[in-house]
Amino acid sequence: MLVGLTTFEAHADRRVALVIGNSQYREIPTLKNPDKDAENVSRTFRLAGFEVFAAKDLTKLQFEERFRNYLAAADGADLAVVYYSGHGFQIGGENFLIPVDASLKDAADMEVQAIKVDDILRQLRSRSKVQMIILDACRNDPFPRKDYWLRDQLIVAGGSGLAQVTGSQNTLIAFATEPGAVAYDGSGDLSPFSSSFSRRALAPDQEIRSVMAAVRRDVVKATNGKQVPWENSSLIDDVVLMRGAEQPAPPPLDAEQGQQTAERGIQVADAADAIGHLDIRVPLGVGPVPLKLDFPAKDAGFSLKLASYPATGTLSLPDRVLSPQSSLTAAEIDKLRYEPQIGSVAPIEVGFDIRAGNAAKQATMKLSPDIDACDRAAGAPLDLQGVVQGLTPNEIGGGAVEACEAAVKTYPGIARFHYELGRALLAAGKVDEARKAIQDAADKGHVRAVFELGYIASSGMGTAVDTTKASGLYSQAAGKGDPSAMAAWGRALFNGLGIQRDTGKGLDLLLQAAAMGHVDAMKELALIFKEGRNGVPADPARALAFLKAGMERQDVYAMGILGLPARSTRVVMACKAPKVITKIKVVRVPVPKPKTITLTDPGKPEVKPEPTEAGRASWSGSDHVGGAARTGSGSTGNGEGDGGDTGSGSTGDGQGDGGDTGSDGL
């Protein structure tokens, strides 16, 4: 909980934690503690009233999915925490966490197989008031090779442990040991660090810096001074994980009430029966939803204690989040709320111990997360404020507009529904109405909508092309972590398309987008490293690494280049990892003269791409919405977004299904 410098106002602070324990590595030694560490720390954060996203033994793709769901839940949070236990090490001053499927056999593998801590921190900064990253991962590099590509440098790894990380204002970054040193597993089931942290963090009303100081003392003693936990803090607010008890116990029964034991027993049984038969559908992604239990017993002699807390999501009252040990009075029961966890749609159970005097009975009710019809019909892929996997524009069908209009009417304050209404309207060809809905979403804080407005400006939908406006919008959305904006803005900066070239920043943005699973960024990087462009040396092996990464995410372009059958993104490939592919052969094919694509929509002015260097079309963003892919010579048209015009030799825009590869493809 945050205790600010101003007067405290009673409300349920949003506190979200992602806890990962990676033990069962496939190609490097397993670790005995992280799975138990993760269980223990997850329990700690749940007892402290956090919404906890807990995961074990994550592959790279699984991490991307879990992290996106976590970021959606952390949007606007008071405190966002990431706790990681597993293999991790530093290279060139950068810290990386290692998924269980990493092999890191080639120099190019670090960029596509590992998780950069700075990328995690950058996303948290853009979404939460206070950020904490806690790393019980300072272990030796278990991989035999020592050289890895990082951006435009081949780095030789040296030393051990993790490097110092600096955060911005209101950030705490904690390591199980000091920078550059190694953490120990300990002799028990838990590491010395996680064992101490779980115990110390639950001390009531202890500020986090005091907690970490106590953890440091414990670990130094347990390891005879060999391991010294360390943290870097720029906190300006006090952070208290476990607040003292706020809810007094129900008053004892007086003598007169004691004579009513039999009547109380009947009332308790009726109340348990009323709650035990409930199966409540709870909308996903609209905040805490009042359950409106209408508890039949209203007097102060009744109380409910949580006998079993939901496996996912959070229970709360208007003034506080409930933990597994919470109790409620009769006056509070009807105010109970539940917020489902994003990414989880399985029904959950909540158990109550209902008491009145000496009478007691348990009851269990079911809560079923419910995805809104608008999300199902028009959710966008890789939308970090979305709640579903998402659809490409050509998959948005009839009824989407009506579903999203209903969602906007029901939840006018939820920016996501305004954006999805805009997507549905664009798919229906209603550009002016779509632009208004998307602008409404952007005004309400939806980051992908800001990117979408940039695409509309760059493509000239219904108006003149405005690349200056598009540049500003892409930059704004990229600064807030949107993968599509990072891919579009990075491509523009790297190639100098319509703006001043900044190769280094452009490459960084493309790598950040690829780290979030954006296949269009992976395609662009594959082309850059295949060709060697703007001072970045050609490296076919590095290009191949990004193509493999795209293939693993069911990208049609990558599968086509690698000689694999292209399948819909909705079908899981029944094939093994491409271990037989060890090299890439570069074949130069003459590039036809760039073609000019003329749109034939009679209701829109014709827009012709302006050729730039090497025959490439003037830039527009990726992942845009609005119709099927339209590709020119040498382009690809697969897109999360929505197709779009691409010129000769360029990569198509988007994240989903796509089109043909052209003559200048990889």
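## The open sheet

Six strands make up an open sheet with mixed pairing, arranged in the order S3-S2-S4-S8-S11-S12. At its edges lie strand S3 (51–56) and strand S12 (230–233), each of which pairs on one side only. On average, neighbouring strands of this sheet are turned by 10° against each other, direction ignored. The model described here is predicted.

Within the sheet, strand S8 (residues 130–136) and strand S11 (residues 171–175) run parallel and are joined by five bridges. Met 132 has Leu 172 in S11 as its bridge partner.

## Helices across the sheet

Two helices may be described in relation to these strands. Helix H5 (residues 192–200) lies across strand S4 (79–85), S8 and S11, and its direction is at about 140° to S8.

Helix H6 (residues 208–222) lies across S8, S11 and S12. The angle at which helix H6 runs to S12 is about 165°.

## The disulfide

A disulfide is a covalent bond between the sulfur atoms of two cysteines. One disulfide is found in a search of the whole structure. Cys 374 and Cys 404 form a disulfide in which the sulfur atoms are 2.1 Å apart. This pair links distant parts of the chain, 30 residues apart: Cys 374 belongs to helix H10 (residues 373–378), and Cys 404 to helix H11 (residues 400–410).

The disulfide of Cys 374 and Cys 404 is right-handed because the torsion about its S-S bond is about 95°. Both Cys 374 and Cys 404 are buried.

Methods: Residues numbered from 1 in each chain as written. Predicted model: local features only at pLDDT ≥ 70, side-chain atom pairs only at ≥ 80, totals over all residues. Heavy atoms only, no water. Pairing = 2+ DSSP bridges. Helix = DSSP H or I, 4+ residues; strand = E, 2+ residues; numbered from the N terminus. Axes fitted to C-alpha atoms, helices over the stretch in contact; angles between N-to-C directions. Contact = heavy atoms within 4.5 Å. Disulfide = S-S within 2.5 Å. Buried < 20%, exposed > 50% of the residue type's maximum accessible area, 1.4 Å probe, protein only.
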